[in-house]
Structure formats: C-alpha cells, structure tokens
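This briefing is for a reader who is new to the structure. Please look over the sequence and the model before reading on.

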Amino acid sequence: AAIDEATEMMNNIGCLFSGIRHEIGNPLNSIKMALTVLQNNINKYSPEEIDVYFNRISGEIGKMETLLKSLKNFSMFETPRTSNIDLAMFFDNLMQLLGADIQSKKIEFRIDIAPDARQIMVDPRALQHVTMNLLANAVDAMTETQKPLLQVRSQSRGNVILLSITDNGCGMSNELARDVFKPFFTTKPHGTGLGLVISKKMLSQMHCGIDLVSEKGVGTTFHLTLPKSATKAQRTDAPPGKSRENQQPSAFAC
Ligand SMILES: Nc1ncnc2c1ncn2[C@@H]1O[C@H](COP(=O)(O)OP(=O)(O)OP(=O)(O)O)[C@@H](O)[C@H]1O
Ligand SMILES: [Mg+2]
C-alpha cells in the first residue's frame with residue numbers, strides 16, 4: 001500500500017507539473033505572438049489596433065496571475081489548526097458572506113443540520129475554503145436550471161458526520177465525474193481546474209474525506225466525511241485501547 005501511495009503521489013506531481021507547464025506555456029506563447037505582431041506593425045497600426053494587442057497581453061498575464069493565486073491556495077493551511085466547530089453556526093456565518101450572491105441568482109437554499117450532527121473537529125479556515133469552492137461549483141452548475149435548489153445536510157454516521165451539498169444543476173457523466181479531482185481538469189472557460197484538487201488535499205490533511213454522486217441533467221451531491229468532536233463523556237470515559245480510528249465505520253472512514 002505504501003508503494004501504491006508513493007506511485008500515486010508521483011503521478012499526481014507529474015500531472016501537476018505538466019499542467020503548470022501547459023497553463024503557463026499557453027499564455028506565454030500568446031504574449032510572445034502578440035508582441036511579435038506589435039513589433040512588426042507598430043508604425044502601421046492605429047492606436048485602436050494596438051490596443052487590441054495590449055488587451056490580449058493583459059488578459060494572458062491575468063491568466064498566469066490566477067494560476068499563481070491558485071497555487072498559493074494549494075499550500076494554504078498546510079498544518080491544520082483544528083478546533084471544535086458548530087456546523088449550524090459555521091453555515092450561518094458562511095451565508096453572511098454568500099447569501100446575497102445566492103439570493104441574487106434566485107437560488108433556493110435549504111439547510112438541514114441534524115442535532116446530533118453539529119459538532120466537528122476541523123480547521124474552520126480550511127473548511128470555509130472547501131465549502132466555498134463546492135458552493136461556487138454548484139452555483140456554476142445551475143446557471144441553466146429552471147428552479148435552482150442548493151441543499152446542505154448533515155447526518156451522524158458513527159464517529160463521523162456526513163455533510164452533503166446537493167445541487168440540481170447540469171450534473172456529470174460518469175467519465176466527467178472520474179476526472180474532476182485531477183489537477184487542471186476544467187470544463188469552464190475561466191476555470192483553473194484546481195478547486196477540487198485543493199479542496200481534497202485540505203480535507204485529507206484534516207482526516208476528512210470527499211466523494212461525489214452525480215447524474216447528468218439531474219444534479220450532483222458532494223459528500224464530506226468530517227470527524228465528530230469528542231463529547232465530554234468520550235474524552236473522560238473512553239475505554240482504554242480503543243482509539244477513535246478503530247471505532248470509525250469503514251464505509252465512511254476518511
Ligand atoms: N456541482 C457540480 N456540478 C457539475 N459539474 C461540476 C460540479 N462541481 C465540479 N464540476 C466539474 O468539475 C470540474 C472541476 O471543478 P474544480 O472546482 O476543480 O475546477 P473549476 O470549477 O473548473 O475551476 P475553478 O475552481 O478554478 O473555478 C468543473 O469544471 C466541472 O466540470
Ligand atoms: Mg471550482
């Protein structure tokens with residue numbers, strides 16, 4: 001298993017490098033071409049024509065800046081600072097940030113946090129980053145949806161909490177769903193294809209898992225498995241020799 005993990009890591013790094021080469025190589029090529037055209041025609045072109053090339057160059061530089069910003073996210077929260085988080089409060093706060101945007105897009109938002117599925121042990125900054133990514137993807141997926149509906153649900157599953165984020169957007173084919181965690185995979189004209197890669201990395205650093213169920217034309221649900229905060233009873237009366245890991249049901253182990 002260790003060899004498999006190492007191989008997978010090397011594959012991921014290889015994938016990441018070739019992605020970066022591609023993501024920087026393309027805009028660099030466009031800039032080079034635009035500059036050559038300008039250099040050869042600077043005396044012939046009108047100011048308007050020159051402006052077209054300047055705009056193209058700025059646009060391409062913008063793409064590289066976006067990439068650099070995403071790569072910075074990649075190493076954000078490397079060492080998670082986990083604390084006890086109340087999911088209901090967490091989403092209240094998040095809605096103060098995103099609520100207006102969701103409302104302006106006429107998206108119905110439903111949230112259902114089960115009373116026994118509220119307290120989790122995560123880094124709130126990382127969880128905010130992840131949920132914002134997932135909600136942004138859901139919103140993107142629902143642009144063509146007649147009655148867009150976004151649902152957040154938390155349920156208790158043994159020692160973990162299952163947090164589901166469901167949209168009734170465009171959904172994905174099985175092929176597409178297999179590719180979404182690959183670096184730089186995107187179907188959006190301005191996407192980086194790093195949102196889910198970074199989210200998955202942040203989650204695994206916090207011993208959390210992410211999975212998805214999707215149907216083309218129907219919608220998508222992302223499932224997160226998040227470690228429950230230890231209750232007072234567990235902290236004081238935990239039987240010796242029984243670690244939290246051992247108690248996790250295997251189907252939902254992160
Ligand atoms: N809820 C969803 N519904 C349908 N497709 C989705 C959903 N979430 C992700 N996808 C697909 O997965 C791809 C990868 O998503 P990811 O968040 O990693 O990158 P992105 O959204 O394309 O780019 P960025 O996050 O930089 O804006 C998306 O381009 C889209 O095709
Ligand atoms: Mg995204």
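The points below cover the ligand, its surroundings and the salt bridges.

The structure is a predicted model. Ligand 1 sits in the largest pocket, and there are 20 residues around ligand 1. The structure also holds eight salt bridges.

**Contacts of ligand 1**

- The residues that come nearest to ligand 1 are Thr186, Thr187, Lys188, Thr192 and Leu196.
- In the side chain of Thr192, an N or O atom lies 2.6 Å from an oxygen atom of ligand 1.
- Leu196 has a polar backbone atom 2.8 Å from an oxygen atom of ligand 1.
- For Gly193, a polar backbone atom is 3.3 Å from an oxygen atom of the ligand.
- Ligand 1 exposes 600 Å² when taken alone, and the protein buries 90% of that.

**The shell around ligand 1**

- Helix H4 (124-141), helix H6 (195-205) and strand S7 (219-227) are the elements that give two or more residues to the shell.
- H4 gives the most, with three residues.
- Sorted by class, the shell has nine nonpolar, nine polar and two charged residues.

**Salt bridges**

- One of the eight salt bridges joins Asp86 and Arg118, whose closest N and O atoms are 2.9 Å apart.
- Asp86 belongs to strand S1 (residues 83-86), while Arg118 is in the loop between strand S2 (108-113) and strand S3 (119-122), so this pair ties together parts that are 32 residues apart in sequence.

Methods. Residues numbered from 1 in each chain as written. Chains lettered and ligands numbered in written order. Predicted model: local features only at pLDDT ≥ 70, side-chain atom pairs only at ≥ 80, totals over all residues. Heavy atoms only, no water. Near = heavy atom within 4 Å. Polar contact = N/O pair within 3.5 Å; in protein donor to acceptor, adjacent residues only side chain to side chain. Areas by Shrake-Rupley, 256 points an atom, 1.4 Å probe, with all protein chains shown as cover. 1 Å grid on protein atoms, 1.4 Å probe; cavity = no way out; pocket = protein on both sides within 12 Å on 5 of 7 lines; lining within 4 Å. Sits in = over half its atoms within 2 Å of the grid points. Helix = DSSP H or I, 4+ residues; strand = E, 2+ residues; numbered from the N terminus. Nonpolar A, V, L, I, M, F, W, Y, C, P; charged D, E, K, R; others polar. Salt bridge = Lys/Arg side-chain N within 4 Å of Asp/Glu carboxyl O.
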